[in-house]
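Me: I would like to learn how to read a structure feature by feature. Can you take me through one?

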Amino acid sequence: MRRRTPDDLAYAASLTLAENWHSETLEEFEGFYSHAPAGCLVAERDGRAVAIGVATPYGDAGFLGQIVVAPEVRGQGVGSLVVNALLSCLQSQGVRSVYLNATAAGAPLYERHGFRMIQPSLRYAGKVRGASHAHVRSMRAGDLDRVCSLDRLWWGQDRGFFLNRRWGLYPDLCQVLEQDGAIAGYAMARRRGEKLWIGPWCAATHVAAPEALLEALAQPGVEVQVHAGVLASSARAIRALGCLGLAQSATAPWRMVWGHDAALGQQMEILANGTSAKG
Ligand SMILES: CC(C)(COP(=O)(O)OP(=O)(O)OC[C@H]1O[C@@H](n2cnc3c(N)ncnc32)[C@H](O)[C@@H]1OP(=O)(O)O)[C@@H](O)C(=O)NCCC(=O)NCCS
């Protein structure tokens, strides 16, 4: 196992593309590398890269993600080495609880490493018709501090690096919802071709229709294809996505946890995940 270098990012993106993980692109890997290069690992055999994985620390919690072993070397213990190395990396930084979203192929591997299942992490997709709402507006640079502090309060750890990066890359896909003159919700998205990947999407519990934030991501009257990942416990998100007519995919990964705590990101204010590998 070794740390990734900038030269490995394209290889990492080629492995996720081969798995049809269309949201996990070079841009995402660049973000992980800028945030925590020590957590971006590569497994090599005979001097050739054969697997990747990313560990993302947030205080005493962390996420594992983007774990892919090249098909020709699967079933030989490489996945196990990657998980061990990522866990060690987080533990050495004081992380006590580690979360991930497991595919059906990955879940048995993680169980062998002490992870337990929490709940399904549902996948939704469909077309949303843009609409403007008087209480929803584009996010401004001056909103970021408030959005980051709300996110920290609601989500449970500091995701400020990724929220700032998302705003920097896609300012036109960041919306805030105001109630009584204060920010009470926000949605951010990324664009891949014509599609939007939603998240984070969060709103105070007194916001009755948080789906307004998603309608504001598209021009009024224009339909856009969106994808969102929400935890099965988020009844508010499921209701809101149902109102928009989004369909749930037949298969869903499992949110799993290793270690001390299991509550990160499960507050009622949290509607859609940022991404699988970073919460
Ligand atoms: C899931 C994945 C990462 C596992 O990687 P891997 O290198 O095959 O994992 P391991 O070899 O450590 O373990 C897998 C199996 O091989 C077995 N194995 C381990 N060492 C072995 C060896 N020396 N000889 C034979 N079999 C071995 C393990 O017992 C395990 O068996 P089981 O799961 O059928 O019970 C890999 O299949 C993959 O990249 N899948 C596609 C992407 C994906 O779904 N990633 C997970 C995202 S959460």
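Reply: We will go through domains, cores, ligand shell and strands in turn. Keep in mind that this is a predicted model.

Me: Where do the domain bounds fall?

Reply: Start with the assignment along the chain. Here domain 1 covers 2-95 and domain 2 covers 123-272. Their centres, taken over C-alpha atoms, are 26 Å apart.

Me: How many residues of each domain are in contact with the other?

Reply: Contact here means C-beta atoms within 7 Å. By that test, 9 residues of domain 1 are in contact with 11 residues of domain 2. Next, look at the class of the residues. The side of domain 1 that touches domain 2 has 6 polar residues, 3 nonpolar and no charged.

Me: Which residues have the most contacts inside the largest nonpolar core?

Reply: A core is a set of buried nonpolar residues joined through C-beta atoms within 7 Å. The largest one holds 45 residues. Leu177, Tyr186, Ala187, Ile198, Leu213 and Leu271 have the most contacts inside it. Strand β10, residues 195-203, supplies the largest share of this core, with 6 residues.

Me: What is in contact with leucine 271, leaving aside its neighbours within four places in sequence?

Reply: Trace its partners along the chain. They include Trp201, Cys202 and Ala203. Pro210 and Val230 are also among them.

Me: Which residues come nearest to the ligand?

Reply: The shell has 17 residues, and Arg74, Gly77, Gly79, Ser80 and Gly106 come nearest. β4 (61-69), α3 (78-91) and α4 (107-112) each give two or more residues. By class, the shell has 8 nonpolar, 7 polar and 2 charged residues.

Me: In what sense do β1 and β2 pair, parallel or antiparallel?

Reply: Follow the bridges. Strand β1 (residues 2-3) and strand β2 (residues 40-45) pair in the antiparallel sense, over 2 bridges. Arginine 2 has valine 42 of β2 as its bridge partner.

Me: Which residue in β3 stands opposite valine 42?

Reply: Isoleucine 52 stands opposite valine 42. β2 and strand β3 (residues 48-58) pair in the antiparallel sense over 6 bridges. The two strands form a hairpin with 2 residues between them. Check the turn for backbone angles too. Aspartate 46, in that turn, has a positive phi of about 50°.

Definitions and conventions. Residues are numbered from 1 along each chain as its sequence is written. This is a predicted model: local features need pLDDT of at least 70, side-chain atom pairs count only at pLDDT 80 or more; totals for chains, interfaces and linings use all residues. Domain bounds come from an automatic or database domain assignment. Two residues are in contact if their C-beta atoms, placed from the backbone, lie within 7 Å. Ala, Val, Leu, Ile, Met, Phe, Trp, Tyr, Cys and Pro count as nonpolar, Asp, Glu, Lys and Arg as charged, and the others, Gly among them, as polar. A residue is buried if 20 or more other C-beta atoms lie within 10 Å of its own, exposed if 12 or fewer, and partly exposed in between; C-beta atoms are placed from the backbone. Helices (H or I, at least four residues) and strands (E, at least two) are DSSP runs, numbered from the N terminus. A residue is near a molecule or strand if its C-beta atom, placed from the backbone, lies within 6 Å of it. Two strands pair if DSSP finds at least two bridges between them.
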